[in-house]
Amino acid sequence: MDCIFCKIANKEERADIVYEDRKIIAFKDIYPVAPTHILVVPKKHIPSVDHLEPGDKNLIGDLLLITQKIARQLSLAKTGYKLVFNVGRGGGQKIDHLHLHLLGGWGKKLKNKN
Ligand code: AMP
Ligand code: ZN
């Protein structure tokens with residue numbers, strides 16, 4: 001299958017990997033749209049959130065908890081971050097292998113106005 005994220009997961013294509021375990025890989029987006037832009041990707045080829053099945057429940061739960069861990073490790077949690085799943089062409093999805101965009105790193109911790 002000619003899928004770039006499967007190739008990255010199989011180490012057939014290079015990527016700047018920030019996290020990896022048996023089921024999940026996370027790497028820097030090559031065209032970042034935030035100071036920190038990471039893609040968190042299940043190694044299993046699932047085309048999109050719309051293709052998730054009940055059997056993927058643990059995998060998608062792990063994906064979210066690992067994203068939380070990465071956000072903390074990259075010091076994104078203090079200032080806050082965005083998580084985005086694009087789903088389908090109309091939803092802005094260009095690569096048909098499920099991935100969660102982790103976006104953050106804007107500015108310093110917001111000061112309390114009072
Ligand atoms: P989406 O539009 O949600 O499908 O997002 C796909 C993302 O993958 C885009 O933000 C691209 O910049 C990113 N991307 C495409 N090819 C690569 C690659 N080889 N390594 C890292 N990120 C990539
Ligand atoms: Zn794939």
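This is a predicted model: local features need pLDDT of at least 70, side-chain atom pairs count only at pLDDT 80 or more; totals for chains, interfaces and linings use all residues.

Trainee: How do you know that the span of helix H2 agrees with its number of residues?

Mentor: Helices are DSSP runs (H or I, at least four residues). The expected span is 1.5 Å times one less than the number of residues. H2 has 17 residues, 57–73, so it should span 24 Å; its end C-alpha atoms are 25 Å apart, which agrees.

Trainee: Why is Thr67 called buried?

Mentor: Buried means under 20% relative accessible area, exposed over 50%, and partly exposed in between (1.4 Å probe, protein chains only). Thr67 has 0%, so it counts as buried. Thr67 sits in helix H2.

Trainee: What does Thr67 touch?

Mentor: Contact means heavy atoms within 4.5 Å. Leaving aside residues up to four places away in sequence, Thr67 touches Val40, Leu83, Leu100 and Leu102.

Trainee: Which residues of H2 are buried, and why do we say they line one face?

Mentor: They are Leu59, Leu63, Ile66, Thr67, Ile70 and Ala71. The arc is that of the directions from the helix axis to the C-beta atoms. Seen down the axis of H2, the buried residues fall within an arc of 140°, so they line one face. On the other side, Lys57, Asn58, Leu65 and Arg72 are exposed.

Trainee: What makes Asp16 and Lys28 a salt bridge?

Mentor: A salt bridge is a side-chain nitrogen of Lys or Arg within 4 Å of a carboxyl oxygen of Asp or Glu. Asp16 and Lys28 meet at 3.6 Å, N to O. Asp16 lies in the loop between helix H1 (4–9) and S1, and Lys28 in strand S2, so the pair ties together parts that are 12 residues apart in sequence.

Trainee: Is Asp56 buried or exposed?

Mentor: Asp56 has 5% relative accessibility, so it counts as buried. Lys44 forms a salt bridge with Asp56, the closest N and O atoms being 2.6 Å apart. Lys44 has 45%, so it counts as partly exposed.

Trainee: How many salt bridges does a search of the whole structure find?

Mentor: The search finds 6. Another pair is Lys7 with Asp2, at 2.6 Å, N to O. Asp2 has a relative accessible area of 70%, so Asp2 is exposed.

Notes
Residues are numbered from 1 along each chain as its sequence is written. Chains are lettered from A and ligands numbered from 1 in the order in which they are written. Side-chain values use heavy atoms; hydrogens and water are left out. Helices (H or I, at least four residues) and strands (E, at least two) are DSSP runs, numbered from the N terminus.
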